[in-house]
Amino acid sequence: RGENRCSGMPLFHHLSIALTSAAVLFSIVNLRFGTAVLYHLSDEEDNQHFSAMRSAPSPHGSKAIQSRTNRGIPRREAGAINLQYDNLEPIPRPPLRSIVQGWNITSDPSWLLQFSITGFPKCGTSTLMHHLQSHPEIHIFKDERCELGFNQHVRLTEHLYDKIPASSKEQRFIRGIKCPVDLENTKLSMRNYRKVFPKTDFIVGIRHPVLWFESFYNFRVHNEFDMPPAENLIGKCRKGSWNVCTFRSNFHIFLSNLGKTDMTTKEERSYIDADLHNSLDPIATDRRVFLYEVSQLSDPDPSRAEALRRDLQHFLHLKEPIEPFIWFKPGRNHTDNTDLDKLNSKTIDICEARYEELRAVLMQRAVQVSQWSRQYFLHADDVVVSSKEYLANTILKSWENDPCIERQKAVRTG
């Protein structure tokens, strides 16, 4: 990996390629059992694929949400975090060679990562990542870091150490990463979190499955992926689906794999289709989870919006408040109107009659996730939410209704 360690040793180079290829193959195989996705192509990797990103207004239409462009890790001003973490950077910090030796991690690196935005794609994770970059007490990479899903935890550890400035007694920071597919990958990502970063807290966003699927599919189209017909994407993801499939809307399966609920009782398991029980792979940890629904990032109610930012501030043990969210849209920026028109012609309106079967499957998932979350997950230890009653009884309760009904009402009323 490093030039010094690999100089004159081409065998190590070939071994690195072989190990990485094996990890990728392992993820591909695991897709057949619903424990991993076929490719790592989510919000930011689409951006890397085309080397272009753009800002855009919030799809929720909130006046409080404005656009901004991509930027790197900003310069920090002096700040100190609330010292409630037990895995903060030691001062002075140990040398990297005491943590990493060749291909092995030889001592505890957990102080290098306090939080991770682990799910789900098209649920505001890019907005959260880019917004938190501007906070004076946080360092977070400007792109996705999904090395744990490919057994590249040594590389991630080195980058967290080398590419993010060290804290001092006067300036102590927390570090974060984003990889919105990690939560779905129990065979690699989640086990590597438990092994390497067991104290890292998770931030997870969810979205109504019908709206999630439509957004995800159209996002792929706008980034010029050759997408199959949407109605053919029912079930688990297959080659050529570019990770868009109804199986991934089983948010409750992936959340339950965090081990925060029992998931051994007949009652709780009834919220998951019997043929998907083999996707249950709980990995119990003491880590905390902050759960939000994407609409909360652009809540037009000032008091609830402020409560969300305050609750996230407390979750991250920050002293400085979090500013109102600014919506960030990843993906390719099309400047040619002709090209844009061609792409728009390939997007879907999931409320059309041809997608009734697809929507029926997604609605079944929506009801399952909604009821399981309200019955179990929101009340679990180590799970933190904002405006709990509103989230449960208004937002998640509304998931039991087909959003196309409201969309069609809005069209009729102009």
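H317 sits in the loop between helix 10 (302-315) and helix 11 (337-344); helices here are DSSP runs of H or I with at least four residues, strands are E runs of at least two, and both are numbered from the N terminus. The model is a predicted one, so local features need pLDDT of at least 70 and side-chain atom pairs count only at pLDDT 80 or more, while totals for chains, interfaces and linings use all residues. Residues are numbered from 1 along each chain as its sequence is written, and side-chain values use heavy atoms, with hydrogens and water left out.

With a relative accessible area of 10%, H317 is buried (buried means under 20% relative accessible area, exposed over 50%, partly exposed in between, with a 1.4 Å probe and protein chains only). W242 also has a positive phi, near 55°, in a residue other than glycine. This tryptophan is found in the loop between helix 7 and helix 8, and its 26% relative accessibility makes W242 partly exposed.

Two cis peptide bonds also turn up in loops. One joins I91 and P92, with omega about -5°, and P92 belongs to the loop between helix 3 (43-50) and strand 1 (100-101). Another joins G119 and F120, with omega about -15°; F120 is in the loop between strand 3 and helix 4.

Next comes the sheet. Strands of a sheet pair through backbone hydrogen bonds, either parallel or antiparallel. In this model, 6 strands make an open sheet with parallel pairing, in the order 4-5-3-6-7-8 (two strands pair if DSSP finds at least two bridges between them). Strand 4 (138-140) and strand 8 (383-384) are the edge strands, each pairing on one side only. Helix 4 (residues 125-132) packs on the sheet and touches strand 3 (115-119), strand 4, strand 5 (174-178), strand 6 and strand 7, where contact means heavy atoms within 4.5 Å. The direction of helix 4 makes about 160° with that of strand 3; axes are lines fitted to C-alpha atoms, for helices over the stretch in contact, and angles run from 0 to 180 degrees between N-to-C directions.

Strand 6 (residues 201-206) and strand 7 (residues 289-293) run parallel and are joined by 5 bridges. Within that pairing, I203 has F290 as its bridge partner, and I206 stands opposite E293. Strand 6 also pairs with strand 3, in the parallel sense, over 4 bridges, and there G119 is partnered with V204. Strand 6 is mostly covered, with 6 of its 6 residues buried. D201, I203 and G205 point one way, F202, V204 and I206 the other, and all are buried.

On to the rings. The structure holds 13 aromatic pairs, counted for Phe, Tyr and Trp (its six-membered ring) when ring centres lie within 6.5 Å; planes under 30 degrees apart count as stacked, over 60 as edge-to-face and the rest as tilted. The F120 and F254 pair is tilted, because the ring centres are 6.0 Å apart and the planes at 50°. F120 comes from the loop between strand 3 and helix 4 and F254 from helix 8 (residues 251-256), so the pair ties together parts that are 134 residues apart in sequence. F120 counts as buried at 0% relative accessibility, and F254 counts as buried at 1%. F213 and Y217, by contrast, are stacked, at 6.3 Å centre to centre and 15° between the planes. Both lie in helix 7, 4 residues apart, about one turn of the helix, and both F213 and Y217 are buried. Ring pairs link F120, W212, F213, F216, Y217, F247, F251 and F254 into a cluster.

Two packed helices are described by the angle between their axes and the distance between the axes. For helix 7 (residues 209-222) and helix 12 (residues 356-375), the axes come within 8 Å and cross at roughly 130°. The two helices are therefore oblique to each other (angles under 35 degrees count as roughly parallel, over 145 as roughly antiparallel, 65 to 115 as roughly perpendicular and the rest as oblique). On the helix 7 side, P209, V210 and F213 meet L358, R359, L362, M363, R365 and A366 of helix 12. The residues of this contact divide into 7 nonpolar, no polar and 2 charged, with Ala, Val, Leu, Ile, Met, Phe, Trp, Tyr, Cys and Pro taken as nonpolar, Asp, Glu, Lys and Arg as charged, and the others, Gly among them, as polar.
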